[in-house]
Amino acid sequence: MENSDTNAFDDLTPPRMNLFSVNKLNYARGDRPKVDCILCGVKDKDPIVDNLSIAETHLSVVSINLYPYNPGHLIIFPKRHVLSIVDLTDEEALDIHRLTTKAIQILSKAWRAQGFNVGYNIGKNSGGSIPHIHEHIVPRFPNEAGFLDVFSNTRIVIYDPFQMKEEIQRLWNAESSESEKEK
Ligand SMILES: [Zn+2]
């Protein structure tokens, strides 16, 4: 039965940008949970870590980035706490690659992302803030830069990552069940 209250993604409109919900702002201001590694906390489902993961395999986790640069900004990381891609096994590297292509297909189809930046920050001075290696997938949209981006280098509008989690998780699971049917 069709639910008339389905969200805007069903008609392929790009995601609406929202301000952070107010009750999540403490985290965004740097009030981080006291754990050795946030990504290990996500993997272990540590209750004091906000869990934005949308999918996992036996080797890797796919999660919304807590500080999204754009709507749909995902990270994919190995479950093992390793610091560099040179430490990944072939199996982990292949697993991350497969999850990357699936994420790109989902974001292209459902959100009409027209481009992507995919990559790792590795080591000091790379801009990365979490040592546990993680790949960023940042969807790019036409006309996304507003004048504030250009003139003040400030992105004032941030899509709520918790809302994003629900939406992408739904798309991810729908895609998974579709590919199950194809088998
Ligand atoms: Zn870790």
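The buried residues of helix α3 are Glu 92, Ile 96, Leu 99, Ala 103, Ile 106, Leu 107, Ala 110 and Trp 111, where a residue counts as buried if 20 or more other C-beta atoms lie within 10 Å of its own, as exposed if there are 12 or fewer, and as partly exposed in between, with C-beta atoms placed from the backbone. Seen down the axis of α3, these buried residues fall within an arc of 90 degrees, so they line one face of the helix; the arc is that of the directions from the helix axis to the C-beta atoms. On the other side of α3, the residues Asp 90, Thr 101, Gln 105 and Lys 109 are exposed.

The model is a predicted one, in which local features need pLDDT of at least 70 and side-chain atom pairs count only at pLDDT 80 or more, while totals for chains, interfaces and linings use all residues. Residues are numbered from 1 along each chain as its sequence is written.

Helices (H or I, at least four residues) and strands (E, at least two) are DSSP runs, numbered from the N terminus. The protein has 5 helices and 5 strands, and along the sequence they follow the pattern α-α-β-β-β-α-β-β-α-α. For α3, the 22 residues should span 32 Å at 1.5 Å a residue, and the end C-alpha atoms are 31 Å apart, which agrees; the expected span is 1.5 Å times one less than the number of residues. Just after α3, Arg 112 takes a positive phi of about 55 degrees.

The strands form an open sheet of 5 strands in the order β1-β2-β3-β5-β4, with antiparallel pairing. The strands β1 (53-56) and β4 (115-120) stand at the edges, each with a single partner strand, so one side of each is left without a neighbour in the sheet. From one strand to the next the twist averages 20 degrees. Two strands are said to pair if DSSP finds at least two bridges between them, and the table sets out each pairing with its bridges and one pair of residues that stand opposite each other.

| Strands | Bridges | Example |
|---|---|---|
| β1 and β2 | 3 bridges | Ala 55 and Val 62 |
| β2 and β3 | 5 bridges | Val 62 and Ile 76 |
| β3 and β5 | 3 bridges | Ile 75 and His 136 |
| β4 and β5 | 6 bridges | Phe 116 and Pro 139 |

Strand β3 is mostly covered, since 5 of its 5 residues are buried. Both of its faces are covered, with Leu 74, Ile 76 and Pro 78 buried on one side and Ile 75 and Phe 77 buried on the other. In a regular strand the side chains alternate between the two faces of the sheet.

Helix α3 (residues 90-111) lies across β2, β3 (74-78), β4 and β5 (135-140), and runs at about 15 degrees to β5. Axes here are lines fitted to C-alpha atoms, for helices over the stretch in contact, and angles run from 0 to 180 degrees between N-to-C directions.

The largest nonpolar core has 26 residues, of which Val 62, Ile 64, Leu 74, Ile 76, Phe 77, Ala 103 and Leu 107 touch the most other members. Such a core is a set of buried Ala, Val, Leu, Ile, Met, Phe, Trp, Tyr and Cys residues joined through C-beta atoms within 7 Å. At least two residues of this core are supplied by each of α2 (38-43), β2, β3, α3, β5 and α5 (161-182), and the largest share, 7 residues, comes from α3. Leaving aside residues up to four places away in sequence, Ile 64 touches Leu 52, Ile 54, Leu 74, Pro 161, Met 164, Lys 165 and Ile 168, where two residues are in contact if their C-beta atoms, placed from the backbone, lie within 7 Å.

Of the 183 residues of the protein, 24% count as buried, and among contacts with a separation of 6 or more, residues 24 or more positions apart account for 62%. Phe 141, in the loop between β5 and α4 (147-152), is partly exposed, with 16 other C-beta atoms within 10 Å. Phe 141 and Asn 70 are 71 residues apart in sequence and 8.7 Å apart in space, C-alpha to C-alpha.
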